[in-house]
Amino acid sequence: MSTRIAFLKGHGTENDFVIVPDPENAIDLPPSAVAALCDRRAGIGGDGLLHVVRSAAHPEAKEMAAEAEWFMDYRNGDGSIAEMCGNGVRVFARYLQRAGHVGEGDLAVATRGGVKRVHLAKGGDVTVGMGRARLPEGEVVVSVGERSWPARNVNMGNPHAVAFVEDLAHAGDLLAPPPFSPASAYPDGVNVEFVVDRGPRHVALRVHERGAGETRSCGTGACAVAVATARRDGADPAVTGTPATYTVDVPGGTLVITELPDGEIEMTGPAVIVAEGEIDADWLASLAG
């Protein structure tokens, strides 16, 4: 392990990440080390960690190397592995641009949720092709205290339960995962979004992300919310042939989500790198032991 381990800090609509560039996949990052790096008091602090690895150097991404040079080895703030993170992909792409690996325009990023298409606009926002939503059948209910709501089951490569509420305060403190039923709907846990209407094709949400608690934003969650809201509103681009675009306010800003007639979902929003520095290698090694 190198004695100088670089890191950066970035965020997308205040969903923040520790970024660890490691092109050859040489840095050992067990869950305990990731959790410590994401700790806001004893570490750097973040909702998650973006481990930047060349696809060819990572066993989970080798098969995608011909299509995408870089793999986003994403970890939740508690050290657990996640399939995808929409805000994370935008920040990941911004890092690649900052490091000189890519320029403005289109690129592909490998993730555990498949290869994602990204567009870096000149001096502006980042758009990510988030894939297609799956809408598993079956009723789901989420609860906070004595309140319960029916929720739409939406899978964006990771699982979501979308509940429409009268007031975002009804979501409570979101420190613990909101209970849901049936348990069989989400055997590996779930991200839960609580949603209110703000206007025509304009909603706001709060979210509990599994492994991270309440976050300031969730990209896949915003996509899930847009799809669930469109279906609630009777809009299905696959049927009408017309794209459906929703503005989704998150606590950390605003995302614009468009579902295309072919089912592909595009998310557009900001991505910012705010700092860079070095991790103490001895400290990190002690966590990996």
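**Aromatic pairs and cysteines**

Three aromatic pairs turn up in this structure, which is a predicted model. One of them joins phenylalanine 17 and tyrosine 74: the ring centres are 6.0 Å apart and the planes meet at 75°, so this pair is edge-to-face. The two partners come from distant parts of the chain, 57 residues apart, with phenylalanine 17 in strand β2 (residues 15–21) and tyrosine 74 in strand β4 (residues 70–76). Both phenylalanine 17 and tyrosine 74 are buried.

Another pair brings together phenylalanine 180 and tyrosine 186. Here the ring centres lie 5.2 Å apart and the planes are at 85°, so this pair is edge-to-face too.

In the case of phenylalanine 164, the charged end of arginine 232 sits over the ring, 4.7 Å from its centre.

Turning to the cysteines, the disulfide count is zero. Cysteine 85 has the sulfur of cysteine 218 as its nearest cysteine sulfur, 6.7 Å away. Because a disulfide needs the two sulfur atoms within 2.5 Å, cysteine 85 is in no disulfide, and neither is cysteine 218. Cysteine 85 is buried, at 4% relative accessibility, and cysteine 218 is buried as well, with a relative accessible area of 3%.

Definitions and conventions:
Residues are numbered from 1 along each chain as its sequence is written. This is a predicted model: local features need pLDDT of at least 70, side-chain atom pairs count only at pLDDT 80 or more; totals for chains, interfaces and linings use all residues. Side-chain values use heavy atoms; hydrogens and water are left out. Buried means under 20% relative accessible area, exposed over 50%, partly exposed in between (1.4 Å probe, protein chains only). Rings of Phe, Tyr and Trp (its six-membered ring) pair if their centres lie within 6.5 Å; planes under 30 degrees apart count as stacked, over 60 as edge-to-face and the rest as tilted. Helices (H or I, at least four residues) and strands (E, at least two) are DSSP runs, numbered from the N terminus. A charge sits over a ring if NZ of Lys or CZ of Arg is within 6 Å of the ring centre and within 35 degrees of the ring normal.
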